[in-house]
Amino acid sequence: MDKIWANSGDSHVLEPEDLWTSRLPAALAARAPRTVKDDRHEAIHVDGKTVFRTLAAFLEGARAPGAYDPHLRLEDLDREGVINQVLFPSAGLWVYRIEDAELWRSCARAYNDWMAGEVMTVSPRLVGVAILPQISTADAVAELHHAAHLGFRAVMLATSPPEGREYNNPDWEPLWSAAEEAGMTLAFHVGTGADPRMFRGEGAVVINYVETFVPGQRTVSVLTASGVLDRHPKLKVFIAEGGASWVPALADRMDEGYRQHGAFASPKLSRLPSEMIYSQVFASFQHDVSAVPAFAAMRYPNVLWGDDYPHLEGTFGHTQETLHTLFDGVDARAADAMLVGNFDRLLGTTTAIPAPA
């Protein structure tokens with residue numbers, strides 16, 4: 001097969017196990033994210049809470065040679081046909097369960113300094129996403145400015161915000177303004193914030209996997225209907241690892257709701273919800289066969305492919321097979337947008353596609 005080269009709109013780092021415990025004061029380190037493993041499980045401890053995940057999944061997810069080493073990662077990317085990656089946390093996804101503001105500030109700063117200093121400096125191909133505290137808007141704004149100083153192009157919030165701090169809360173307004181002024185993309189990775197294990201019993205594994213992407217859809221609905229996107233037309237929102245075909249359906253539903261019930265809606269919007277969503281909201285997918293028609297047939301322009309490297313459900317080891325399955329026969333301009341161009345539009349990068357060997 002001819003190699004298809006692509007940017008990845010959803011990839012991850014695997015943090016050093018002592019990332020937070022070695023960088024935080026002892027009083028905070030005891031409550032910082034850490035892991036304890038036995039023969040069957042990996043226990044993740046965060047701020048006095050414990051979350052168990054099967055050890056086998058983490059071992060499988062770490063099988064890629066470059067999972068922990070950014071230099072080896074680049075070799076993996078060359079073999080797989082991946083040019084650039086946007087990098088989200090792995091263990092760091094759990095920091096969004098922190099409830100203490102001081103601990104949040106310290107964990108965010110430690111992660112962002114590590115990402116900028118020890119990962120992003122290895123290659124411009126590794127585009128990190130900074131994590132922001134969520135307990136205090138002032139803390140989030142301060143960390144956004146710090147991230148901008150470090151060279152980040154995107155910052156991350158949870159798809160499920162803390163209770164009482166939903167994204168239509170006016171308290172968030174200074175952050176939306178700061179992100180727009182800094183040209184910083186707001187990234188929301190699925191499965192962050194609330195406990196994703198909503199169901200137990202028969203079918204729970206698949207049901208809970210589906211449930212992880214529902215809050216991402218809710219985030220788009222809230223940011224659109226509450227006027228955030230309308231007030232900040234240059235603000236870009238990115239829902240990572242949640243697929244893309246739902247976006248046109250959500251836009252249609254929101255337009256219908258605004259047309260049918262607009263007389264009762266507050267605030268009044270200067271544009272239809274679909275106009276804001278199609279111009280400001282981006283979404284990434286990895287295997288979903290419905291995502292390509294979302295761009296090609298439903299004309300949703302902001303679709304990105306992602307490899308989810310090095311996680312279990314990602315494409316490492318079969319990236320080229322996946323890309324050919326998804327994109328063989330697709331119009332070249334559409335494929336280029338989903339594989340390369342939309343990544344650059346979202347993050348302000350410039351991708352040089354490697355020349356054929």
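In which sense do strand E7 and strand E8 pair, and over how many bridges? Strand E7 (residues 154-158) and strand E8 (residues 185-189) pair in the parallel sense over five bridges. Val-155 has Leu-186 of E8 as its bridge partner.

## Basis of the model

The model is predicted, so local features need pLDDT of at least 70 and side-chain atom pairs count only at pLDDT 80 or more, while totals for chains, interfaces and linings use all residues. Residues are numbered from 1 along each chain as its sequence is written, and side-chain values use heavy atoms, with hydrogens and water left out.

## The sheet

Eight strands form an open sheet with parallel pairing, in the order E1-E5-E6-E7-E8-E9-E10-E11. The edges are taken by strand E1 (6-12) and strand E11 (303-305); each has a single partner strand, so one side of each is left without a neighbour in the sheet. On average, neighbouring strands of this sheet are turned by 30° against each other, direction ignored. Two strands count as paired if DSSP finds at least two bridges between them. Helices (H or I, at least four residues) and strands (E, at least two) are DSSP runs numbered from the N terminus.

Helix H3 (residues 70-80) lies across E1, strand E5 (82-88) and strand E6 (126-131), and runs at about 130° to E5. Axes are lines fitted to C-alpha atoms, for helices over the stretch in contact, and angles run from 0 to 180 degrees between N-to-C directions.

## Packing of H8 and H10

Helix H8 (residues 214-225) packs with helix H10 (residues 246-261) at an angle of about 40°, and their axes are 11 Å apart. H8 and H10 are therefore oblique to each other (angles under 35 degrees count as roughly parallel, over 145 as roughly antiparallel, 65 to 115 as roughly perpendicular and the rest as oblique).

The contact (heavy atoms within 4.5 Å) is made by Gly-216, Gln-217, Val-220, Ser-221, Thr-224 and Ala-225 of H8, together with Trp-246, Leu-250 and Met-254 of H10.

## The loop between E7 and H6

Ser-160 lies in the loop between E7 and helix H6 (173-182), and Glu-163 is found in the loop between E7 and H6 as well. Ser-160 counts as buried, at 14% relative accessibility, whereas Glu-163 is exposed, with a relative accessible area of 80%. Buried means under 20% relative accessible area, exposed over 50%, and partly exposed in between (1.4 Å probe, protein chains only).

Not counting residues up to four places away in sequence, Ser-160 touches Thr-192, Gly-193, Ala-194 and Pro-215. The C-alpha atoms of Glu-163 and Ser-22 are separated by 30 Å, with the two residues 141 residues apart along the chain.
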